[in-house]
Amino acid sequence: PVTKLKIIKYPDPFLKQKCLPVTSFDKELKILAEDMLNTMYESEGIGLSAIQVGVLKRVIVIDITEELKKPLILINPVITPSNSKFLEFKEGCLSFPGIYESVKRNEEIAVDYNSIEGKKLSMKATGLLSICIQHEVDHLEGVVFLDRLSGLKRNRAEKKFLKMLNR
């Protein structure tokens with residue numbers, strides 16, 4: 001049976017917490033990552049962080065492939081910008097269904113992370129993958145994508161979202 005976890009929606013204050021590093025690479029972690037992937041696919045998302053499903057661990061899952069067959073699981077990811085170029089991209093978020101806003105992010109990043117088995121790995125990411133990783137790592141720090149907008153844009157997006165929630 002496929003487990004779908006409950007996604008925490010904004011403005012739940014839980015989303016503002018910082019996640020803790022993963023220290024034990026056990027069966028529980030593998031189950032969490034699998035459940036997160038199932039939840040992300042079921043919700044038609046391309047990324048999901050553990051905090052969004054109520055777990056304060058530094059775990060993100062991503063799959064930007066059209067056939068949804070190449071999931072990436074990043075444990076304890078740490079980002080370093082690779083250049084000083086930026087991209088602006090209309091982002092959405094499973095914790096903000098129906099809201100899409102343009103966010104400026106680094107075009108290219110390097111990511112150091114652990115595999116699900118605990119192995120230390122690193123990779124470079126550009127374009128959509130770079131944006132997605134930055135968005136999910138923000139969640140681990142208690143930052144939601146609306147926090148990346150100017151005050152005016154953020155207020156407008158928050159009002160619109162809260163109005164949709166109350167419908």
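## Two buried rings

Tyrosine 10 and phenylalanine 96 are both buried, meaning under 20% relative accessible area with a 1.4 Å probe and protein chains only. Their ring centres lie 4.5 Å apart with the planes at 25°, so the pair is stacked; rings of Phe, Tyr and Trp (its six-membered ring) pair if their centres lie within 6.5 Å, and planes under 30 degrees apart count as stacked, over 60 as edge-to-face and the rest as tilted. Tyrosine 10 belongs to the segment before α1 (27-42) and phenylalanine 96 to the loop between β4 (86-91) and β5 (101-106), so the contact ties together parts 86 residues apart in sequence. Helices (H or I, at least four residues) and strands (E, at least two) are DSSP runs, numbered from the N terminus.

## Basis of the values

The model is predicted: local features need pLDDT of at least 70, side-chain atom pairs count only at pLDDT 80 or more, and totals for chains, interfaces and linings use all residues. Residues are numbered from 1 along each chain as its sequence is written, and side-chain values use heavy atoms, with hydrogens and water left out.

## The aromatic cluster

The ring of phenylalanine 96 also pairs with that of phenylalanine 145, with centres 5.3 Å apart and planes at 85°, so this pair is edge-to-face. Phenylalanine 145 sits in the loop between α2 (127-140) and α3 (151-165), 49 residues from phenylalanine 96. Relative accessible area is 0% for phenylalanine 96 and 1% for phenylalanine 145.

One aromatic cluster is formed by Tyr10, Phe96, Phe145 and Phe161. The count of aromatic pairs is four.

## A charge over a ring

Lysine 104 places its charged end over the ring of phenylalanine 86, 5.7 Å from the ring centre. The criterion is NZ of Lys or CZ of Arg within 6 Å of the ring centre and within 35 degrees of the ring normal.

Definitions and conventions. Buried means under 20% relative accessible area, exposed over 50%, partly exposed in between (1.4 Å probe, protein chains only).
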